[in-house]
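This report describes selected local features of one protein model. Please examine the sequence and structure shown here before reading on.

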Amino acid sequence: MAGAASRLRGNVGRYMCDSSRSVDADHSEPGMDGTDAVAEAPENWRDLEFSMELYGAFKAECENRVRHYFPDHYTVFRPGLIIGPRDFSYRGVYWPVRVREGGEVLAPGSGDDIIQVIDGRDLTAFEVRCMEEGTVGTFNVVGPNPKHPLTMKRFLQTCKKASGSDATFTWVPAEFLGSQGVGPWMNMPCWLPAEGEYAGFGSRSIDKAVAAGLTFTPLEVTLRDTLTWYDSLDEERRARFAQSGVGISPEREAEVLSAWREHEETEQDAE
């Protein structure tokens with residue numbers, strides 16, 4: 001990053017940096033707006049092998065170098081979870097595909113946790129707009145519109161509507177999921193319990209980006225287009241998704257649902 005930025009300084013008008021919300025040093029406070037403290041890379045970072053634990057700190061260091069070399073001509077974008085067509089991470093694909101299959105769906109938490117996602121096309125359109133208009137600054141780029149917060153329940157209900165599914169949702173508390181070895185984010189994509197150190201992860205302020213022109217594709221459209229794209233893939237690619245570690249297998253889902261029903265029955269008998 002430093003090498004590229006130093007060589008481009010004086011030769012380009014603006015430097016655009018795709019960063020991440022992970023740069024924040026603290027994810028526990030709702031409403032963080034991009035001006036809060038960021039993580040710091042260790043002094044010996046050059047000697048360290050990269051790991052996801054260092055991801056946020058390394059992204060923050062990339063931002064610092066961009067601002068150093070382009071103090072008046074930079075734009076930093078901090079997207080959240082990017083979903084929509086061509087989401088090869090599969091994190092935004094798992095739920096619409098799973099919900100379309102129908103039946104009883106294992107759903108995380110109570111459904112009231114707020115989450116934030118961004119259609120990749122909305123992110124790209126906002127980046128192009130900022131470059132064309134010469135917009136300077138650092139922006140949280142997530143959605144949906146802050147006037148309409150997105151809960152996990154509404155997200156899954158919209159998956160059902162977009163796919164025309166007959167799915168039903170069984171909401172299972174985070175504590176029980178954890179006892180079954182089912183964790184947030186990877187096993188249950190898009191979702192982090194709004195508590196503890198990640199209490200504010202799903203409620204970043206995006207007022208600054210909205211004021212600068214960020215717009216949002218309706219969630220139902222994003223999910224429907226995601227399914228259309230997924231259906232266009234060959235069987236080999238879909239098989240790789242199924243083996244990616246994102247989401248859980250049908251067999252594992254059935255096991256956890258069965259364990260939850262047994263737990264519920266035991267609780268009722270104890271009363």
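Which residues form a negative surface patch? The patch consists of Asp26, Glu29, Asp33, Asp36 and Asp207. Patches are made of residues with over 30% relative accessible area and no salt bridge, like charges being joined within 9 Å and nonpolar side chains (Val, Leu, Ile, Met, Phe, Trp, Tyr) within 5 Å. A salt bridge is a side-chain nitrogen of Lys or Arg within 4 Å of a carboxyl oxygen of Asp or Glu. Lys and Arg count as positive and Asp and Glu as negative, with His and the chain ends not counted; a charge is placed at NZ of Lys, CZ of Arg, CG of Asp or CD of Glu. Accessible areas follow the Shrake-Rupley method with a 1.4 Å probe, and for residues only the protein chains shown count as cover.

The model is predicted: local features need pLDDT of at least 70, side-chain atom pairs count only at pLDDT 80 or more, and totals for chains, interfaces and linings use all residues. Residues are numbered from 1 along each chain as its sequence is written, and side-chain values use heavy atoms, with hydrogens and water left out.

Helices (H or I, at least four residues) and strands (E, at least two) are DSSP runs numbered from the N terminus.

| Residue | Relative accessible area |
|---|---|
| Threonine 75 | 0% |
| Phenylalanine 241 | 2% |
| Cysteine 190 | 5% |
| Tyrosine 90 | 7% |

Threonine 75 is located in strand E2 (residues 74-79). A polar atom of its side chain lies 2.5 Å from the backbone oxygen of threonine 135.

Phenylalanine 241 is part of helix H9 (residues 235-242). Between phenylalanine 241 and alanine 209 there are 32 residues in sequence and 32 Å in space, C-alpha to C-alpha.

Backbone geometry also deserves attention. Most residues other than glycine have a negative phi, and most peptide bonds are trans. Tyrosine 90, in the loop between strand E3 (81-83) and helix H3 (94-101), has a positive phi near 75°. Cysteine 190 likewise has a positive phi near 75°, and is placed in the loop between helix H6 (174-179) and H7. The peptide bond from glycine 143 to proline 144 is cis, its omega being near 5°. Proline 144 sits in the loop between strand E7 (137-141) and strand E8 (150-151).

Methods. Buried < 20%, exposed > 50% of the residue type's maximum accessible area, 1.4 Å probe, protein only. Polar contact = N/O pair within 3.5 Å; in protein donor to acceptor, adjacent residues only side chain to side chain.
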